[in-house]
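I opened my notebook beside the viewer today. Here is what I looked up, entry by entry.

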Amino acid sequence: MRGLKNTIVAVALLYAAGFPLAASAQMHGAEQPYGSPHEMPDTNANRPASRGAAAVAEDLRLKGKCDRAVPILRNIAEGDNAEISQFNLGLCLQDLAKAEHDSQKAADEMKEGADWILRAANAGFARAQAAAVNLYLDGSGVAADPIEAKKWALLYHSNPLRYSITLPDIDVGVSNRLDAAVTGPMRKEAKARAEAWTKTESKSDY
């Protein structure tokens, strides 16, 4: 009987020692898919990009490391429901363009950045729609068009997702510039464009 008790005690001690190690291993394995928020994933891997990759890339962009974020974002921006990554890619490309010394390369990056931002805007992503206002008001990567800028302002303000995540109104300075640039019949045209706009799905072409 004493031998059976000793066996039970030994098994219990081994279980107690081993269980925390196993639980700890599982917890650490789930923390970050790439080890740390700043570790760049293998952008050449032939596997579906995870949501973790998008978070890593956005974190890099917010820290001003667009040179590292762009390769990640290019790998995931063609996926389904990739509006956030498209938006971040567009912002990063335009940021890089501002620091580019080669004028032609800067113009190409600025245009491509605008294309990605507008793709996200047309998919209904509110932050991209707000950015589109500035694109057309300033002519950043697109031909300046205050009517188109006003169209995006109208769409942004009427976007129901804007209210669900409590995004603010368009900046007062931008709004004042719009009011000065878009007058009379131009306002009717902007409203007509906004009413004719239809959301496009953000899906891969492949």
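How many nonpolar, polar and charged residues does the lining of the second largest pocket have? I found nine nonpolar, three polar and four charged residues there. My classes: Ala, Val, Leu, Ile, Met, Phe, Trp, Tyr, Cys and Pro are nonpolar, Asp, Glu, Lys and Arg charged, and the others, Gly among them, polar.

A note on the source: this is a predicted model, with pLDDT of at least 70 needed for local features and 80 or more for side-chain atom pairs, while totals for chains, interfaces and linings use all residues. Residues are numbered from 1 along each chain as its sequence is written, and side-chain values use heavy atoms, leaving out hydrogens and water.

Next I turned to salt bridges (a side-chain nitrogen of Lys or Arg within 4 Å of a carboxyl oxygen of Asp or Glu). The count comes to twelve. I looked at Arg74 and Glu112, whose side chains meet at 2.6 Å, N to O. That pair links distant parts of the chain, 38 residues apart, with Arg74 in helix α3 and Glu112 in helix α5; I take helices as DSSP runs (H or I, at least four residues), numbered from the N terminus.

Are these two buried or exposed? Arg74 is partly exposed at 42% relative accessible area, and Glu112 is partly exposed too, at 24%. Here buried means under 20%, exposed over 50% and partly exposed in between, with a 1.4 Å probe and protein chains only.

Last, I checked Glu58, which forms a salt bridge with Arg127, the closest N and O atoms being 3.8 Å apart. Glu58 sits in helix α2 and Arg127 in helix α6, 69 residues apart.

Conventions: Helix = DSSP H or I, 4+ residues; strand = E, 2+ residues; numbered from the N terminus.
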